[in-house]
Amino acid sequence: MWHSLSIPDFSGLKIMSSKGGHEQCLGWAARDASGVLSPYKFSRRNLGIEDVHIKITHCGVCYADVIWTKNKHGDSKYPVVPGHEIAGIVTKVGSNVHSFKVGDHVGVGTYVNSCRDCEYCNEKQEVLCSKGSVFTFNGVDFDGTITKGGYSSYIVVHERYCFTIPKGYPLASAAPLLCAGVTVYSPMVRHKMNQPGKSLGVIGLGGLGHMAVKFGKAFGLSVTVFSTSISKKEEALTLLGADKFVVSSNQEEMRALAKSLDFIIDTASGDHPFDPYMSLLKPYGVFVLVGFPSEVKFSPASLNIGSKTVAGSITGGTKDIQEMIDFCAANDIHPSIEVIPIEYANEALERLINRDVKYRFVIDIENSLKEN
């Protein structure tokens, strides 16, 4: 059963206690649309019989953290404790938990609940839950409480939405896999972009794009990176192992690649034209969009001629997430990260807005989040 929390007092800096009162959770929260984070104490629900209590060691910094701390969608429920790329260590388990034990390394991603009864939940595609999956932060759980994320000392999550991180895989590296990693892995596998010898184009080289390059190379693909910035060429080719790098505004370079790619994964959220990229696909080529530009516009001929496919995707179901973590551990795939203390979180969010990160910030919660 879900333990009931009282509804947050949005006017103050203190938060409710769960009924019965127990260990306080330390976190950093935004109080208003300025998005400025500062220390904050609150209570989480009591451990249920199927819950896992996780001491958070690391949390990745995702653009979603910017969106909801700054109320970009107009639905922020302050105080907002962001963070949905969570890695940590199990400290307690409920009496009916079978998949985890104390001391296990685990991850939590972008959602912490779903109906568990619809066709999508039954297929372990909970992110597509018919009743809506419950976001890890700024979501409304089924008991009416507002979820609070990983910029915090611990979290209580139903075991279904926790993932095993192999002991040899660094927790700091694991955190970005829970959103950035699965956001590209899931559609790549679904659209069979894991066939050795095929060719992949990756648009954008940020947190998502750099993981798409790493997965592409691990799948045995020939990978071409498209970026607006020539400054990323050296990193794309040497650090990430891409085979080609193209500045997307260079029409000559783009034309030279006409009808050469089997797949394109588009991670760019800035507005950009689509027709030039569609022309690079071979017949039956697949274009997958995982970014969120303000609009998607292309000529019908770009799609129909060559019988191409355009698809979208968001994160992934629990089956995909665990499979991806295991794949990364088995193939020594690690996100390129910059580890920061919690005190640097505000600067990190500003740098993320300015695309000044290579390629994912990860907050060292364990060593920097302390009681004031």
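Visitor: What makes strand E13 and strand E14 a pair?

Guide: Five bridges join E13 (residues 261–266) to E14 (residues 281–289), and two strands pair if DSSP finds at least two bridges between them, so E13 and E14 qualify as paired. The two run parallel, with Leu 261 opposite Leu 281 in E14. Strands here are DSSP runs of E with at least two residues, and helices are runs of H or I with at least four, numbered from the N terminus.

A word on the model: it is predicted, so local features need pLDDT of at least 70 and side-chain atom pairs pLDDT 80 or more, while totals for chains, interfaces and linings use all residues. Residues are numbered from 1 along each chain as its sequence is written, and side-chain values use heavy atoms, leaving out hydrogens and water.

Visitor: Why is H4 called oblique to H5?

Guide: Their axes, lines fitted to C-alpha atoms over the stretch in contact, with angles from 0 to 180 degrees between N-to-C directions, cross at roughly 50 degrees and come within 8 Å. Under 35 degrees counts as roughly parallel, over 145 as roughly antiparallel, 65 to 115 as roughly perpendicular and the rest as oblique, so H4 is oblique to H5.

Visitor: How do you know which residues make the contact of H4 with H5?

Guide: Contact means heavy atoms within 4.5 Å; among the residues making it are Val 184 and Met 188 of H4 and Leu 208 and Phe 215 of H5.
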